[in-house]
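Q: I am new to this structure and would like to go through it step by step. Could we look at it together?

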Amino acid sequence: MANPPVSDAVLAPTGNATPVAARKTTSETLFIQSGAEETRVALQSGTQVIELQVERTTGRGFSGNIYYGQVQRVIASMDAAFVDIGLDRAALLHAADVWATDGPERDDDDEAAGEPRRSFRPIGELLRQGQALLVQVVREPVAKKGPRVTTFISLPGRNAVLLAREPQVGVSKMIDDPAERARLQTIARKHLPPGCGAIVRTVGEGATEQELSEDIGFLARQWFDILTRFEAATGPSFLFDDLDLVLRALRDMVGPQTAAVWISDRSDHERVARFVRRFHPDARPEVKIHEGSLPLFTTFGLDRWVRQATEPKVHLPSGGELVIQRTEAMTVIDVNSSKQVGSAPLDEAVLALNVEACKAIAQQLRLRNVGGLVIVDFVDMKRPDDRRALERAFAEELARDRARVRLGKVSEFGTIQLTRKRVRESLADRLTEPCPTCNTRGFVRSSSDLAIETIGRLRAALQASSSAHTTVMRVQAPARVAAILGDQLAGSLRALEKQHGVRIEVSEKGGHGGQVQLQTELEQGNGQALAK
């Protein structure tokens, strides 16, 4: 089953949702760079990187995880039970979160779909001590309290959420076209396994039957796999978690057009290959392991795409440029013309520049994972036909985006407003932070991103140097970066010291800039500057 990485974008120049489908034939390559500190993913189409994602190793929670649980205590006064799921603290399960087969039947409607079937019976009649349960974490542990769990399992996909124990079908209220709602409900009911329901997500508006059926089929196979693990388990244990970035990338980005998947961690090879075989049998891209001494992203020139994706200016081939600025409420993009527009008539040259900008803007929105309201200020065009042509060109480019997009018309001021579905943090949110020097009026690379990059540079420098002679590696970094190296990433430094038999010393240098200097000290006493 293939999950193409291109779904229908929803474009509404007149205010009504109008599905626009885009088909891509360019060969794509997926790069997955895994490390002890973070995982980075890049999707390359032809020579262009069209999507980047970063996930830190630390900070992943329990929410969404599924466990084999065993009832420890039933507390009638609380109408709840404590369930052992294999963590340090027992999980809390309220009676209202216990699935019962005798709940009231409901017709499909937006209010009921997705709501648990409640039994309205006291906890003592529903559970007994020692009973085995399949539960999902819905609230993280807080202070001394354990997590809160439910027996109503939900599995999120790209276009739909599978309700494993609720045979109702709902559609996101953001999809307001009655005909589209009815179409999506009909498709979902047709492809759901017995006893299961679904909620079609907002991003599913305009999805084809094949896309929606593949999504539901993917989730159904996950559910049956969880049931198999539950039956095989013998005690409280972890069964399933919301996919990490590696597997999410395989789920969302692999399709028939995917030629290869490059990974940097040999230990990931088996689970990547198994995931592709099981959930993408029609795609079957070649899974390759990167063996070089340099990081995967460095070898394939992907680091520059990461750096450029946080820069405010994007240069266009014609000589124009985009200026991308984030504000509290929106993202603003200004299209600037070059000093010369060539020999073509002015109106034609301006239209050509704006159409060129459309392609670049659509690429940047996806690459940077920009969500929310976006306002684009194009170079002003006088002719109404040029404005309509620009709208059509922009709609065609945005239709390639996996995220849901709504596009407005060109206003009398030459601007276009659009909204893009906010799925996760933008790349800028992940890799930058407010500048401490200018009192948060600008952004600089985040301390954590610089610290993780420093670990990577240290690792590469130590592998390239003669460990028999290198005894000390000194790191000079801004205070904000040095603090992270000495705290959250201290374990990574110690691991490098042990692996290469060196001592790594971190010292602070003045200022808030992003320069980190590495220096080796040899037995003879001379130092060699490696990078600035």
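Q: Is arginine 387 buried or exposed?
A: Arginine 387 counts as buried because its relative accessibility is 17%. Buried means under 20% relative accessible area, exposed over 50%, and partly exposed in between, with a 1.4 Å probe and protein chains only.

Q: What should I know about the model itself?
A: This is a predicted model, in which local features need pLDDT of at least 70 and side-chain atom pairs count only at pLDDT 80 or more, while totals for chains, interfaces and linings use all residues. Residues are numbered from 1 along each chain as its sequence is written, and side-chain values use heavy atoms, with hydrogens and water left out.

Q: Where is arginine 387, then?
A: Arginine 387 is in helix 9. Helices (H or I, at least four residues) and strands (E, at least two) are DSSP runs, numbered from the N terminus.

Q: And which residues does arginine 387 touch, not counting those up to four places away in sequence?
A: Arginine 387 touches Asp380, Met381, Val410, Ser411 and Glu412. Contact means heavy atoms within 4.5 Å.

Q: Switching to the sheet: what is the order of its six strands?
A: The order is 18-19-20-21-23-22, in an open sheet with mixed pairing. Two strands pair if DSSP finds at least two bridges between them.

Q: Which are the edge strands?
A: Strand 18 (313–315) and strand 22 (405–407) are the edges, each pairing on one side only.

Q: How many bridges join strand 21 and strand 23?
A: Strand 21 (residues 372–377) and strand 23 (residues 415–420) pair over six bridges, in the antiparallel sense. Within this pairing, valine 374 stands opposite leucine 418.

Q: Which strands does helix 9 touch?
A: Helix 9 (residues 384–398) packs on the sheet and touches strand 21, strand 22 and strand 23. The direction of helix 9 makes about 180° with that of strand 22. Such angles run from 0 to 180 degrees between N-to-C directions, with axes fitted as lines to C-alpha atoms, for helices over the stretch in contact.

Q: How many aromatic pairs are there?
A: The structure holds six aromatic pairs. Rings of Phe, Tyr and Trp (its six-membered ring) pair if their centres lie within 6.5 Å; planes under 30 degrees apart count as stacked, over 60 as edge-to-face and the rest as tilted.

Q: Why is the pair of tyrosine 68 and phenylalanine 230 tilted?
A: The planes of tyrosine 68 and phenylalanine 230 are at 35°, with the ring centres 5.0 Å apart, so the pair is tilted. Both tyrosine 68 and phenylalanine 230 are buried.
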